[in-house]
Amino acid sequence: MSKPVVGIIMGSDSDFEIMKESAKVLKDFGVPFEVIVTSAHRTPERTFEYAKSAKERGIKVLIVGAGMAAHLAGVIAAKTVIPVIGVPINSSSLNGIDALYSTLQMPSGIPVGTMAIGKAGAKNAALYAIHILALSDKELDKKLEDYRKDFERIVIEREKKVQEKLKDFLNE
Ligand code: RP5
């Protein structure tokens, strides 16, 4: 595998089930990535070190998933100018609303692009990373265009099924 250009960071191993969605998309698009588990509060030095060294190691986009008082994406963004995409994880009794606000509500000056809570957010984070990379990568740009075309085919097929169900329903 060639050198990673995307870093997937998660606050705990318990976030993996959600963050696997990011990994799946990057794998499907053939984008090399690395994964690290590090916490803003449990391992702050390790988190800082990772964020500080990411750019010089060739990482171009960072995807950060964390739950509860999720300051991980903001802390990472504070230590690098690489675009940071945050994924709020629904790992708490507040179902991720806590993580959503913590990730989204960054004070001015240090942006974190925040996705939806949970699996959809993790998937979109990877797609968004690919959109950024595709600006300077024609091959990836083509793959994104094809991905979108595939969606059109899938939705049209789904609509056909709905039309059939509707016909049955109206004939009842
Ligand atoms: C956050 O706290 C992690 O991102 C995780 O979503 C949540 C719970 O972590 P564990 O107690 O499961 O390690 O830091």
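Figure 1. Asp-137 is located in the loop that lies between helix H5 (119-134) and H6. The model shown here and in the following views is predicted. With a relative accessibility of 32%, Asp-137 is classed as partly exposed. Asp-137 contributes to a negative surface patch together with Glu-139, Asp-141 and Glu-145.

**Figure 2. The salt bridge between Lys-142 and Asp-146 in helix H6.** Lys-142 is paired with Asp-146 in a salt bridge whose closest N and O atoms are 2.9 Å apart. Both residues belong to helix H6 (residues 138-171), where they are four residues apart; the separation therefore corresponds to about one helical turn. Lys-142 is partly exposed, at 48% relative accessibility. Asp-146 is likewise partly exposed, at 33% relative accessibility. A network is also present in the model: Asp-150, Arg-153 and Glu-157 are joined into one by salt bridges that share partners.

**Figure 3. The salt bridge between Glu-17 and Lys-20 in helix H1.** The closest N and O atoms of Glu-17 and Lys-20 are 3.3 Å apart, and the two residues form a salt bridge. Since Glu-17 and Lys-20 are three residues apart in helix H1 (residues 16-29), about one helical turn separates them. The side of the pair contributed by Glu-17 is partly exposed, with a relative accessible area of 45%. Lys-20 also counts as partly exposed, at 28% relative accessibility.

**Figure 4. The salt bridge between Glu-21 and Lys-24 in helix H1.** A salt bridge brings together the side chains of Glu-21 and Lys-24, with an N to O distance of 3.1 Å. The two residues lie in helix H1 at a spacing of three residues, about one turn of the helix. Glu-21 has a relative accessibility of 13% and is therefore counted as buried, the cut-off for this class being under 20%.

**Figure 5. Salt bridges of the predicted model.** The count of salt bridges comes to seven. Among them are the pair Glu-17 and Lys-20, the pair Glu-21 and Lys-24, and the pair Lys-142 and Asp-146. Salt bridges with shared partners also link Asp-150, Arg-153 and Glu-157.

Conventions: Residues are numbered from 1 along each chain as its sequence is written. This is a predicted model: local features need pLDDT of at least 70, side-chain atom pairs count only at pLDDT 80 or more; totals for chains, interfaces and linings use all residues. Side-chain values use heavy atoms; hydrogens and water are left out. A salt bridge is a side-chain nitrogen of Lys or Arg within 4 Å of a carboxyl oxygen of Asp or Glu. Buried means under 20% relative accessible area, exposed over 50%, partly exposed in between (1.4 Å probe, protein chains only). Patches are made of residues with over 30% relative accessible area and no salt bridge: like charges are joined within 9 Å, nonpolar side chains (Val, Leu, Ile, Met, Phe, Trp, Tyr) within 5 Å. Accessible areas come from the Shrake-Rupley method with a 1.4 Å probe; for residues, only the protein chains shown count as cover. Lys and Arg count as positive and Asp and Glu as negative; His and the chain ends are not counted. The place of a charge is taken as NZ of Lys, CZ of Arg, CG of Asp or CD of Glu.
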